[in-house]
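Hi everyone, thanks for coming.

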Amino acid sequence: MAGIMLRSTAFTDHDLLPGRFARDGGNVSPPLQWADVPDSAEELVLLVEDPDAGREPFLHWLVTGISPDSGEVPEGSTPPGGQEWPNSFGERGWSGPQPPRGEEAHRYFFRLYALDRPLELPETPQAADVHRAIEEREIASGTTVGTYFR
C-alpha cells in the first residue's frame with residue numbers, strides 16, 4: 001500500500017506535543033502537512049486517537065471529506081473541505097490530550113487516509129467504526145505520533 005508523508009512543524013514524530021495543543025492548554029489543533037497522496041484518491045480522512053486511554057482508543061479528532069488536492073492544515077484550523085465529527089469528549093472538532101495526571105506519556109496517533117470513495121459512518125462514530133469503514137476504501141495512509149503527559 002502506498003504511503004502518505006504526514007508531519008507537523010510543531011512536533012517531530014514520537015516527540016512531546018507542546019502544551020498549547022492540550023485540552024487544558026490552548027486546546028488548538030496542531031498544524032499538519034502531507035504529500036504523496038495518490039491521484040486516484042476521492043477524499044482524505046484525518047483520525048487522531050489515543051490508544052493508551054483504556055480498552056478502546058480515545059478519539060480526539062475525526063475529519064472526513066478533506067480535499068485530496070490539499071496539502072496542509074494550519075494550526076487551529078479545519079482541513080480544507082473537511083467535516084468534523086464528534087470526538088470521545090462528545091464535542092465536534094479537535095479536543096486535545098488530557099491524560100490523567102501522573103501517568104506515563106500517552107501516544108497520540110495522527111493518521112491521514114486516502115480513500116477511493118467517500119466514507120460512510122454512523123452519526124456518532126467510535127474509533128473502531130472509523131477503522132472498519134476505512135478498511136475497504138483505503139488506498140494510502142500516513143501516520144505521525146505525538147506524546148503527552150501531565
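Before going on, a word on the model: it is predicted, so local features need pLDDT of at least 70 and side-chain atom pairs count only at pLDDT 80 or more, while totals for chains, interfaces and linings use all residues. Residues are numbered from 1 along each chain as its sequence is written, and side-chain values use heavy atoms, with hydrogens and water left out.

The strand names come from DSSP: strands are E runs of at least two residues, helices are H or I runs of at least four, and both are numbered from the N terminus. Two strands pair if DSSP finds at least two bridges between them.

So where does β4 sit? An open sheet of 3 strands has the order β2-β4-β7, paired antiparallel. At its edges stand β2 and β7, each with a single partner strand, so one side of each has no neighbour in the sheet. Between β2 (residues 5–7) and β4 there are 3 bridges, and Leu6 stands opposite Trp34. Towards β7 (residues 72–73), β4 has 2 bridges, with Val73 as the partner of Leu32.

Now the side chains. In a regular strand they alternate between the two faces of the sheet. Buried means under 20% relative accessible area, exposed means over 50%, and partly exposed lies in between, using a 1.4 Å probe and protein chains only.

What does Leu32 touch, beyond its neighbours within four places in sequence? Its contacts, meaning heavy atoms within 4.5 Å, include Leu6, Leu46, Trp61, Val73 and Phe110.

That brings us to the nonpolar core, a set of buried Ala, Val, Leu, Ile, Met, Phe, Trp, Tyr and Cys residues joined through side-chain atoms within 4.5 Å. The largest one has 24 residues, and Leu32, Trp34, Leu46, Phe110 and Leu112 have the most contacts inside it. Elements giving two or more residues to this core are β4, β5 (43–50), β6 (58–66), β9 and β10 (138–148). The most come from β9, with 4 residues. A second, separate core of 12 residues includes Val45, Leu47, Val130 and Ile134.

One last stop: Asn87, in the loop between β8 (83–84) and β9 (106–115). Is Asn87 buried or exposed? Asn87 counts as buried, because its relative accessibility is 6%.
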